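Please open the structure in the viewer and keep the selection tool at hand.

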Amino acid sequence: MNRQNAFSPVWGKAVIRTTTTASSRIIFGKGNRSLWVTNQDATDGIYFRVGDSTVEADVTDVYLAPLGSVSVTISQDHDYIACESVANTPSVHAMPGSGQ
């Protein structure tokens with residue numbers, strides 16, 4: 001049986017990115033174990049990937065539905081999130097932390 005810990009955010013380190021249909025990235029900082037990602041748009045989905053300063057998002061990456069959110073486990077060496085929208089310009093909120 002797996003034991004999951006509640007998500008514990010790193011206060012003051014959240015980032016918000018307005019996305020487009022071209023991949024763009026934003027830094028959130030190294031040393032985190034999890035990233036809570038929320039699509040703040042009510043109509044358009046997004047794709048995202050976490051990595052280093054060269055990371056690019058693509059339609060083969062994690063899909064996040066409109067108004068959806070997910071916590072993903074990440075490498076402590078990863079410090080960027082790259083996002084790409086399905087259409088229009090949804091905003092993505094990403095909060096680093098630990099736990100799920």
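Does Arg 25 count as buried or partly exposed, and at what relative accessibility? Arg 25 counts as partly exposed because its relative accessibility is 28%; buried means under 20% relative accessible area, exposed over 50%, and partly exposed in between (1.4 Å probe, protein chains only).

This is a predicted model, in which local features need pLDDT of at least 70 and side-chain atom pairs count only at pLDDT 80 or more, while totals for chains, interfaces and linings use all residues. Residues are numbered from 1 along each chain as its sequence is written, and side-chain values use heavy atoms, with hydrogens and water left out.

A salt bridge is a side-chain nitrogen of Lys or Arg within 4 Å of a carboxyl oxygen of Asp or Glu. The two residues are 31 apart, with Arg 25 in strand 3 (residues 24–27) and Glu 56 in the loop between strand 5 (46–51) and strand 6 (62–64); strands are DSSP runs (E, at least two residues), numbered from the N terminus.

Now select Asp 61 and Arg 49, whose side chains also meet in a salt bridge (2.5 Å, N to O). Asp 61 counts as buried at 13% relative accessibility, whereas Arg 49, at 40%, counts as partly exposed. The whole structure holds two salt bridges.

Finally, select Asp 79, in the loop between strand 7 (69–73) and strand 8 (80–85). Asp 79 is buried but has no salt bridge; Lys 30, the nearest side chain of opposite charge, is 4.6 Å away.

Notes:
Helices (H or I, at least four residues) and strands (E, at least two) are DSSP runs, numbered from the N terminus. Lys and Arg count as positive and Asp and Glu as negative; His and the chain ends are not counted.
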